[in-house]
Amino acid sequence: MSTLKVTTIQTSAGGAVTLTKQDAAKAWWSLDGTGTIAFRDSFNTSGSTDLGTGDYKVAFTNNMSSANYSALGSNGTTDSNWNAQFQSDIVMGGNIANSFTPFYDASGIGFSNYANNSPQDTEVFNGAVLGNLA
């Protein structure tokens, strides 16, 4: 096994990129949660599952070291109809008032969207996971 040690990495245009001790997202996604759900784009995700209206699950390609990671999410729409999205609650890990199946472990995460007092599919769901890979 080789070790690569560098101070800077240059872009193809010659600009320098300084390496720091910052942590990067270990997984992220942009998911279309309407109709047949599908990733718009993603990193370190092996698939998504529609568990019912407003209830989803994302599986990681490479597991996290444990379920003790941080998950972030936001939702919206691709058009100008934002009304239902403004009063929306997103729960990473799922389970809003027992309406959704909770799922939060090293292999993936569930998330749910609850808007206007009922489960709602969301056109755009963006999520990211920070923590340590297994």
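**A sheet, a salt bridge and a loop**

Start with strands β7 and β12 (residues 124-130): they run antiparallel and are joined by 7 bridges. To find your place in that pairing, look for leucine 72, whose bridge partner in β12 is alanine 128. Keep in mind that this is a predicted model.

Now zoom out a bit. β7 and β12 belong to an open sheet of 4 strands, and reading across it you get β4-β3-β12-β7, with antiparallel pairing. β4 (38-43) and β7 (70-76) sit at the edges with a single partner strand each, so one side of each has no neighbour in the sheet. If you ignore direction, neighbouring strands here are turned by 10° against each other on average.

Next, some charges. How many salt bridges does a search of the whole structure find? It turns up 1. Arginine 40 and aspartate 32 make a salt bridge through their side chains, at 3.9 Å from N to O.

Finally, head for the loop between β6 (55-60) and β7, where you'll find serine 65. With a relative accessible area of 46%, serine 65 is partly exposed too. What does serine 65 touch, leaving aside its neighbours within four places in sequence? Its contacts are Asn132, Leu133 and Ala134.

Notes: Residues are numbered from 1 along each chain as its sequence is written. This is a predicted model: local features need pLDDT of at least 70, side-chain atom pairs count only at pLDDT 80 or more; totals for chains, interfaces and linings use all residues. Side-chain values use heavy atoms; hydrogens and water are left out. Two strands pair if DSSP finds at least two bridges between them. Helices (H or I, at least four residues) and strands (E, at least two) are DSSP runs, numbered from the N terminus. Axes are lines fitted to C-alpha atoms, for helices over the stretch in contact, and angles run from 0 to 180 degrees between N-to-C directions. A salt bridge is a side-chain nitrogen of Lys or Arg within 4 Å of a carboxyl oxygen of Asp or Glu. Buried means under 20% relative accessible area, exposed over 50%, partly exposed in between (1.4 Å probe, protein chains only). Contact means heavy atoms within 4.5 Å.
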